[in-house]
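Let's walk through this protein together, one topic at a time. Keep the sequence and the picture side by side as you read.

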Amino acid sequence: MAESDFDERYGPWALIAGASTGLGAAFANEVASRGVNVVLLARRTELLEETARSIRERYGVSVRPVTVDLAAPDLWDRVAAATDDLEVGMLIYNAMYDPLGRFIDVPLEEHLLAIAVNCTAPTILTHHLGRKMAARGRGNIVLVSSMAALQGLKIFVSYGAGKAYELILAEGLWDELRDRGVDVLGYVVGATNTPHDQEVTARGGAPTPQEIKDLQEGLSDSVAAPRSPEEVAAALFPLLDQGPRQYSHPDDEAAAKRDATRARREVVREMGEMSSFVWG
C-alpha cells in the first residue's frame, strides 16, 4: 500500500490502545507521521498526556488522550463518550497484562484481569469499531499478539493463552471483513526492549537483553533478539493489508515455521526452559 493512500484508507483518526509508552507510543508516532490523527487509550494519565504532547509537537496532527482502564466493565461506554464525534478508521490494540509466576501460585484475580485486558477488551473495541468500519466500507484493525501465543509458555501461561485468542480472533476477522473493505491483521511480536519488559525484568531479577540473546542463540531454532519499539512499529506498516498474520521480524517467522513441524512437547519444553531461566 502506498503511503499516499494511508489517510484515505485508514484515516482520519486511528485509535491505539495501550499507547502511553513503549510499543504503543511507537505505533502512535508511526500513524501520526502519515498525517492521521490519533486517539490514545491508556490508564496512566501523566504518561498519556506527555506522549500526546510530543506527537502534536512533532507531527502537527490532532491527538486525543483518553485515560481509561481497559479492564473496566464500562469500557465501551467510556471510549464511545470520548470518540463518538470522530471517524475512527484504524484500531491498533497493543495493550496487554501478563501475570508473572507459575499459574497456580498467581492469585486468580490476576488471571481474570489478564483475560479482561488481553481478550475481553480487544473483543469489545473490535466489535464496535469494526461494525462502523464495515458500514463505511474501509478501515484497518491490528491486534498485536506475541510469540508467546504460538505455544504454551511456562511462567506466562494465561498471558500466552490470551495472546493466542487475539491472534485467532484477528485471523477470523480478516476472512470475514476483507470483502467489506476492512483490512485485519494479527501482528506477532517477538522480544521487544520496552519499558514494560524492563519492569518485568526488574521484578523477576532477570538477566539483561544480551544475556537473553545469548540464551536464545544457545537453543535450537532461536528466535530474534530483542528489538526496539520503534523498529517493531516501523515493521508493521508495510504489512497492514497483508493479513491474516505477519511477524515483526523474519527470524521469528522462520522460527514459528520450524516449530510448526516439531513435536509440541519439544517446543513447549524449550520455551519453558527459557522462561524458567529468565524469570524463575
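**A pair of strands to start with**

Serine 146 stands opposite valine 189 in β6. Here strands (E, at least two residues) and helices (H or I, at least four residues) are DSSP runs, numbered from the N terminus. The model is a predicted one, in which local features need pLDDT of at least 70 and side-chain atom pairs count only at pLDDT 80 or more, while totals for chains, interfaces and linings use all residues. Residues are numbered from 1 along each chain as its sequence is written, and side-chain values use heavy atoms, with hydrogens and water left out.

**The protein as a whole**

- The protein holds 11 helices and seven strands.
- Of its 280 residues, 51% count as buried; buried means under 20% relative accessible area, exposed means over 50%, and partly exposed is in between (1.4 Å probe, protein chains only).
- Among contacts between residues at least 6 apart in sequence, 76% join residues at least 24 apart; a contact means heavy atoms within 4.5 Å.

**The sheet**

- In what order do the seven strands of the open sheet come? The order is β3-β2-β1-β4-β5-β6-β7, with parallel pairing.
- β3 (63-67) and β7 (245-247) stand at the edges with a single partner strand each, so one side of each has no neighbour in the sheet.
- Neighbouring strands of this sheet are turned by 20° against each other on average, direction ignored. Axes are lines fitted to C-alpha atoms, for helices over the stretch in contact, and angles run from 0 to 180 degrees between N-to-C directions.
- Strands of a sheet pair through backbone hydrogen bonds, either parallel or antiparallel. For a pair to count, DSSP must find at least two bridges between the strands.

**Strand β6 and its partners**

- β5 (residues 139-146) and β6 (residues 182-189) pair in the parallel sense over eight bridges. Glycine 139 has valine 182 of β6 as its bridge partner.
- β6 and β7 also run parallel, joined by three bridges. Tyrosine 187 stands opposite glutamine 246 in β7.
- Is β6 mostly covered or uncovered? β6 is mostly covered, with eight of its eight residues buried.
- Val182, Val184, Gly186 and Val188 point one way from β6, whereas Asp183, Leu185, Tyr187 and Val189 point the other way.
- Valine 188, found in β6, is buried with a relative accessible area of 0%. Not counting residues up to four places away in sequence, valine 188 touches Ser145, Ser146, Met147, Leu167, Arg245, Gln246, Tyr247 and Ser248.
- The C-alpha atoms of valine 188 and arginine 245 are separated by 7.3 Å, although these residues are 57 residues apart along the chain.

**Helices around the sheet**

- Helix α5 (residues 108-136) lies across β1 (13-17), β2 (37-42), β4 (88-93), β5 and β6, and runs at about 160° to β4.
- Helix α9 (residues 229-236) lies across β4, β5 and β6, at about 150° to β6.
- β5, helix α6 (residues 157-177) and β6 make a right-handed β-α-β unit. Right-handed means that, with the strands pointing away from the viewer, the path from the first strand over the helix to the second runs clockwise.
- Serine 158 lies in helix α6 and counts as buried at 13% relative accessibility. Leaving aside neighbours within four places in sequence, serine 158 is in contact with Pro99, Phe103, His111 and Ala114.
- Which residues of helix α10 (residues 250-259) are buried? They are Asp252, Ala255, Ala256 and Asp259. These cover an arc of only 100° around the axis, which puts them on the same side of α10; the arc is that of the directions from the helix axis to the C-beta atoms. On the other side of α10, Pro250 and Lys257 are exposed.

**Backbone details in the loops**

- A cis peptide bond joins glycine 11 and proline 12, with omega about 0°. Proline 12 is found in the loop between α1 (6-10) and β1.
- Glycine 243 and proline 244 are also joined by a cis peptide bond, with omega about 15°. Proline 244 lies in the loop between α9 and β7.
- Isoleucine 155 has a positive phi of about 80° although it is not a glycine. This isoleucine 155 sits in the loop between β5 and α6 and is buried, with a relative accessible area of 2%.
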